[in-house]
Amino acid sequence: MDTTKAETRPRILVLGAGGHGKAVLDLLLAGGEWQPAGVVDATPRVASVLGIPVLGDEARLVPLRAAGIGAAHPAIGHNGHRTAAGARLLAAGFALPVLRHPSCVIGHGAALGDGSAIFARAVIGPEARLGRLVLVNTGAIVEHDCIVEDGAHIAPGAVLAGGVRVGTGALVGAGAVIRPGVTIGAGSIIGAGAAVLTDVPAGVTVAGVPAQPLPERPPA
Ligand SMILES: CC(=O)SCCNC(=O)CCNC(=O)[C@H](O)C(C)(C)COP(=O)(O)OP(=O)(O)OC[C@H]1O[C@@H](n2cnc3c(N)ncnc32)[C@H](O)[C@@H]1OP(=O)(O)O
C-alpha cells in the first residue's frame with residue numbers, strides 16, 4: 001500500500017471488532033478512499049484488529065466524532081444488528097460512506113446506498129441498485145438491473161442473475177444462485193449453495209437445489 005497516500009485520506013471509524021469487522025478492515029487496508037482510524041466495539045475483547053487499535057466501547061463514539069472523525073461503518077454481519085448500529089452511528093453524527101475494495105467492479109449506472117460495502121472481487125452489474133447498509137461480500141455477483149434493498153447481505157460467491165430483487169434485511173447465503181427476475185422477500189434466508197428458481201416470500205428460510213423451505217422443527 002502507498003503509505004504517503006494513507007496519510008492524506010479521510011479517516012473512518014469501524015464499529016465492530018468481530019469477524020466481519022476484520023473483513024471490513026482488510027477491505028480498508030487494501031487501499032481506496034478511506035484510512036481506518038480505529039475500531040469501537042460494544043464489548044471490546046481485543047486490543048487491536050489487523051493492527052488497527054480498538055479504542056473502546058460505544059461511549060467513545062461522540063468524543064471521536066468531536067475529535068474530527070467524520071465517517072464510520074457498522075461492521076456487523078447480522079443484518080438487523082448492522083442496521084441498528086448504522087442508526088446509532090448516524091445519531092452520533094457520522095456519515096456512512098460506501099466502502100469499495102479496490103478489486104471490485106461497479107457497472108455503469110449502478111447506484112450504491114450509504115453505508116454499503118463491496119468486498120474483494122465482487123461485481124455489481126450495470127444499473128443495479130443497492131439500498132443502504134447492503135453487503136456484497138467476497139466474489140459475489142449482483143447482475144444488471146438487480147435491486148437489493150436496505151440491510152440485505154449477498155454472501156461470498158453468491159450470484160444474483162439479472163433483474164433479481166432482494167428484500168430488506170434478507171440474507172443470500174454463500175454460493176447461492178438466484179434465477180433471473182426472481183424476488184426474495186424481506187428478511188428471508190437463502191441457504192448456502194441453494195439454487196432459487198421461484199419467488200421466495202418474506203420471512204422464510206429456503207435451501208437446496210432446487211431451493212425449498214426447510215421443514216418446520218418441533219418446538220424445543
Ligand atoms: C464471510 C461469511 O461467512 S458471510 C456468512 C454467510 N452465511 C451463510 O452463507 C449461511 C447460510 N446459512 C445456511 O445455509 C444455514 O444452514 C441455514 C440458514 C439454511 C439453515 O440453518 P439452521 O436453521 O441452523 O438449520 P440446521 O443447520 O439445523 O439444518 C436443518 C436441516 O437443513 C439442512 N440444511 C441446512 N443448511 C442447508 C443448506 N444450505 N443446503 C441444504 N440443506 C441444508 C440440514 O442438513 C438439516 O437437515 P436434516 O434436518 O435433514 O438434518
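Modeller: We start with residue classes: Ala, Val, Leu, Ile, Met, Phe, Trp, Tyr, Cys and Pro count as nonpolar, Asp, Glu, Lys and Arg as charged, and the others, Gly among them, as polar. With that scheme, the shell around the ligand holds seven nonpolar and seven polar residues, and no charged ones. A residue is near a molecule or strand if its C-beta atom, placed from the backbone, lies within 6 Å of it. The ligand is surrounded by 14 residues, of which A155, G173, A174, G191 and A207 are the closest.

Biologist: What pLDDT does the protein chain average, and what ipTM does the predictor give the complex?

Modeller: This is a predicted model, in which local features need pLDDT of at least 70 and side-chain atom pairs count only at pLDDT 80 or more, while totals for chains, interfaces and linings use all residues. Residues are numbered from 1 along each chain as its sequence is written. The pLDDT is the predictor's confidence in each residue, from 0 to 100; the protein chain averages 95, and 95% of the residues score at least 70. For the complex, the predictor gives an ipTM of 0.98 and a pTM of 0.96.

Biologist: Into which domains is the protein chain divided?

Modeller: Domain bounds come from an automatic or database domain assignment, and here they give domain 1 (11-96) and domain 2 (98-207). Taken over C-alpha atoms, the centres of domain 1 and domain 2 are separated by 23 Å. Two residues are in contact if their C-beta atoms, placed from the backbone, lie within 7 Å; by that criterion 16 residues of domain 1 are in contact with 14 residues of domain 2. On the side of domain 1 that touches domain 2, α2, β5 (71-74) and α4 (79-91) each supply at least two residues, and the largest share, five residues, comes from α4. By class, that side of domain 1 has eight nonpolar, seven polar and one charged residues.

Biologist: Which residues of helix α2 are buried?

Modeller: Helices (H or I, at least four residues) and strands (E, at least two) are DSSP runs, numbered from the N terminus. A residue is buried if 20 or more other C-beta atoms lie within 10 Å of its own, exposed if 12 or fewer, and partly exposed in between, with C-beta atoms placed from the backbone. In α2 (residues 19-29), the buried residues are H20, G21, A23, V24, L25, L27 and L28. After α2 comes G31, which has a positive phi, near 115°.

Biologist: In what order do the five strands of the open sheet lie?

Modeller: Two strands pair if DSSP finds at least two bridges between them. The order of this sheet is β3-β4-β2-β1-β5, with mixed pairing, and its edge strands, β3 and β5, each pair on one side only. Strands β2 (residues 35-40) and β4 (residues 52-56) run parallel and are joined by two bridges, with V40 opposite G56. By contrast, β3 (residues 48-49) pairs with β4 in the antiparallel sense, where S48 has P53 as its bridge partner and V49 has I52. The hairpin of β3 and β4 has two residues between the strands, and L50 in the turn has a positive phi of about 50°.

Biologist: Why is one side of β6 and of β23 left without a neighbour in the sheet?

Modeller: Eight strands form an open sheet of mixed pairing, ordered β6-β8-β11-β14-β17-β20-β22-β23. Because β6 (99-100) and β23 (212-213) stand at the edges, each with a single partner strand, one side of each is left without a neighbour in the sheet. Within this sheet, β11 (residues 135-136) and β14 (residues 153-154) pair in the parallel sense over two bridges, and L135 stands opposite H153.
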